Amino acid sequence: MSDSLFPRVSALRSPWRAVAAAFAFNGILLGIWASRIPAVVERHGLSEAQLGLLLLFMGLGALVSFPLAGRLADSLGAVRVTRAVSAAYVFTLLLITLAPSPALLGAALFVFGMAHGSMDVVMNTWATEVEKHMKRSVMSSFHAMWSFGAGIGAATGYAATRLGWSIEVHFILGSLLSAGLLLPFLTLPWTSATRPHDPNAPVFAIPRGALVLVGIIALSSAVGEGAVADWSAVYLSDVVGTDQSQAALGFTVFSVTMVAMRLVVDRLVLRFGPVRMAQASGLLAASGLLLVVVFATLPMTLAGFVLMGLGYAAVFPLAFSRAAIDANVPPGQAIASVATLGYGGLLLGPPVIGFVAEASSLRLAFALLAILALSITGFARVLGRG
C-alpha cells in the first residue's frame, strides 16, 4: 500500500495510532458479531444450550490459534502478522453470514474465533513493542481503543436493526467500511523484533506460583467481559423483554464505559496503587451484576452494565503489568501464561453461561459471575508484588 495513494493517512500515522487502529478494528468486528447474536439465534432456531455450544467452537478456535500466533509473531514479527491476520479477520466474519445450518455456523465461528484470537495475541505483542519505544505506559489506552471499537460495532447493530438491514448487509458494510478506515494505519513503517522458535518451549504457557492467582484475576474479569459481549443482547431480549434494537444497547453502554475508564486507569493506579484499584474493580463489577440480576428493567440493567464496565476496565492491564514484573518467571512467558487463562476465559466463559442458562436460567448464570468478580477483590493483594 503506497504512501502516495494515502497521503493523509501517511501524515497521520504514528506508532501509537497504528496499534490503536488495530485494537479498534478488532473490537469493531467482535462488536458487530455480538450485536446480532439474537438475530442469528432466531435465524437458526437455537436454544440457549445450542448457542453455548456454538460459542464454545468460537472459543476453541481462539485457543488453538494462541500458540500458532505467538510462534508466527516471534518468527515473522508481530507487525507483519497483525497486518495479515486483520485482513483475514474480515472474511471470517462474512463466513458467519453464509452458514446455512447450525453445524456450518459452528465451523464458521471456529474460524472466526481463530482470527479474533490470533489477532489479539499479535497486536498485543506489537503494543508492547510500541510501549517500549514510547518509554511510558500506554497499554490501557490501547485496550480503551478496543473497547471503543467494540462499542462502535455494537452500536451499528442497533442502527442496522432499526433500518431493517439483514445480517449479511450489516456484516458486509460494517466490516468493509471499518477495514477501509482503519487498516491503512497499520501500514506504518515498523520493524518488529524476531527470534527463533524454541522447540522445547511448551505449546501452552501455564502460570505457576503467584501467577496462578494473577491468572485467576484475569480469568474472572475475562469471563465477565465475554458474558457481556455474547449474552447481554440475549439477556435484554429474553429476560428484560426488549426488542432487538434495544438489546444491542447493553454491550454498547458497557463498551463506552470501558473506554472512558481505561483512558484514566493509568492515573488512578498511580494515585491509589494496583491493589486498591483491583479491590474496587471487583466490587464495582459485582455490584453491576447484582443490578442486572435483581432488576429486570431496561434502565436498571443498563446501569448494571455501566458498573460492570467500570469494574472490569482496569483488571486486564493490571494483570499484565503484574505478570511483566514477576520475580521468578521471564516477562514474555509470564504474560503468555496469564493471557492463556485470561483470553481462555473471555472466549470459553460465554458457552459455559449458555449451558448454565439451559440447565437453570440466564439470571442464575449472571449471578455466578458476581462470585468471580468478588474473587478479583479477594486476590487483589497479589498484584502488589513481583
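**A loop residue, a helix pair and some rings**

Ile206 sits in the loop that runs between helix 8 (167–182) and helix 9 (211–240). The model is a predicted one. Ile206 has a relative accessible area of 58%, so Ile206 counts as exposed. Along the sequence, Ile206 and Leu341 are 135 residues apart. In space, their C-alpha atoms are 8.0 Å apart.

Turn now to helix 2 (residues 15–35) and helix 6 (residues 102–134). These two pack at an angle of about 160 degrees. Their axes are 9 Å apart. Angles over 145 degrees count as roughly antiparallel. Helix 2 and helix 6 are therefore roughly antiparallel to each other. Their crossing is left-handed. On the helix 2 side, the contact residues include Trp16, Phe23, Phe25 and Trp33. On the helix 6 side, Phe112, Met119, Asp120 and Trp126 are among them. By class, this contact has 18 nonpolar, 4 polar and 1 charged residues.

Next come the aromatic rings. The structure holds 6 aromatic pairs. In one of them, the ring centres of Phe25 and Tyr89 are 6.3 Å apart. Their planes stand at 85 degrees, so this pair is edge-to-face. The pair links distant parts of the chain. Phe25 belongs to helix 2, and Tyr89 to helix 5 (residues 78–98), 64 residues apart. Phe25 is buried, at 0% relative accessibility. Tyr89 is buried as well, with a relative accessible area of 0%. Elsewhere, ring pairs join Trp16, Phe23 and Phe142 into a cluster. Trp16 and Phe23 also take part in the contact of helix 2 with helix 6.

Key. Residues numbered from 1 in each chain as written. Predicted model: local features only at pLDDT ≥ 70, side-chain atom pairs only at ≥ 80, totals over all residues. Heavy atoms only, no water. Axes fitted to C-alpha atoms, helices over the stretch in contact; angles between N-to-C directions. Helix = DSSP H or I, 4+ residues; strand = E, 2+ residues; numbered from the N terminus. Parallel < 35°, antiparallel > 145°, perpendicular 65-115°, else oblique. Left-handed = near helix turned anticlockwise from the far one by under 90°. Contact = heavy atoms within 4.5 Å. Nonpolar A, V, L, I, M, F, W, Y, C, P; charged D, E, K, R; others polar. Buried < 20%, exposed > 50% of the residue type's maximum accessible area, 1.4 Å probe, protein only. Phe/Tyr/Trp six-rings, centres within 6.5 Å; stacked < 30°, edge-to-face > 60°.
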